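Please look over the sequence and the model before reading on.

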Amino acid sequence: MDPITTAFVTALAIPMAKDVIKDGYEALKKALKNKFGDESDVVNAVEQLEKKPDSEGRKAILQEEIENAKIYNDPQMVKLAEELLKQIEPEEPAAASKFKTEFQGEVKGAQIGDGNTQENTFS
C-alpha cells in the first residue's frame, strides 16, 4: 500500500483524540481537495472510507484512485502522508499491546504472542 493510502487508513483506524493527528489528517485531505477538487474521485474515495473505515473494499477503492491519479509521485502529498504517519506511530504500540506479562520468580523460557510454538529442554 502506498504511503498516502496507508496514512488515511491508519489515521481512520485510531481515535483522533490528538489534535496533531487531526491536523495532519485534515492537511492531507485539504491538499487532495486543492489539487483534484472537492468532487474528484480520490476525494470521494476518502470520504467514503471515512464513513466505513473498516471496509476493505473502500480501502481498495482509495488505493486504486490514488494509483490512477499517480498521487504518490507528488512530493508534497507524500511528505504530508509521511508526517501524518510519524504522528500516528507513537500511538500504535500502546494500542496494539494486548498482552500484559509479569514474571514472578525464575523464568527459564517464555514466549509471548498468538499462535507461537516453543520447545524447551532443560537439564
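The sections below treat the core, an aromatic pair, a loop residue and a surface patch in turn.

## Basis of the report

The structure is a predicted model. Residue numbers start from 1 along each chain, as its sequence is written.

## The nonpolar core

The largest nonpolar core has 27 residues, and within it I4, F8, L28, L32, L62 and L84 touch the most other members. At least two residues of this core come from each of helix 1, helix 2, helix 3 (41–51), helix 4 (56–69) and helix 5 (75–88). Helix 5 gives the largest share, with 7 residues.

I4 shows how such a residue is surrounded in this model. When its neighbours within four places in sequence are left aside, I4 is in contact with L28, I66, I71, Y72, M77, V78 and A81.

## Helix 1

Helix 1 is mostly covered, since 8 of its 11 residues are buried. The buried residues are I4, T5, A7, F8, V9, T10, A11 and L12. Two of these, I4 and F8, are also among the core residues that touch the most other members.

## The aromatic pair

A search of the whole structure finds 1 aromatic pair. F8 and Y25 form this pair in an edge-to-face arrangement, with 5.3 Å from centre to centre and 90 degrees between the planes. An angle over 60 degrees counts as edge-to-face. Because F8 belongs to helix 1 (residues 3–13) and Y25 to helix 2 (residues 19–36), the pair ties together parts that are 17 residues apart in sequence. Both F8 and Y25 are buried.

## A loop residue with positive phi

K70 is placed in the loop between helix 4 and helix 5. Its phi is positive, at about 55 degrees, although K70 is not a glycine. K70 has a relative accessible area of 49% and is therefore partly exposed. The cut-off for an exposed residue is over 50%.

## A nonpolar surface patch

Which residues form a nonpolar patch on the surface? They are F103, V107 and I112, which together have about 270 Å² of accessible area.

With a relative accessible area of 38%, V107 is partly exposed.

Methods:
Predicted model: local features only at pLDDT ≥ 70, side-chain atom pairs only at ≥ 80, totals over all residues. Heavy atoms only, no water. Phe/Tyr/Trp six-rings, centres within 6.5 Å; stacked < 30°, edge-to-face > 60°. Helix = DSSP H or I, 4+ residues; strand = E, 2+ residues; numbered from the N terminus. Buried < 20%, exposed > 50% of the residue type's maximum accessible area, 1.4 Å probe, protein only. Core = buried A, V, L, I, M, F, W, Y, C linked by side-chain atoms within 4.5 Å. Contact = heavy atoms within 4.5 Å. Patch = residues over 30% accessible without salt bridge, like charges linked within 9 Å, V, L, I, M, F, W, Y side chains within 5 Å. Areas by Shrake-Rupley, 256 points an atom, 1.4 Å probe, with all protein chains shown as cover. Salt bridge = Lys/Arg side-chain N within 4 Å of Asp/Glu carboxyl O.
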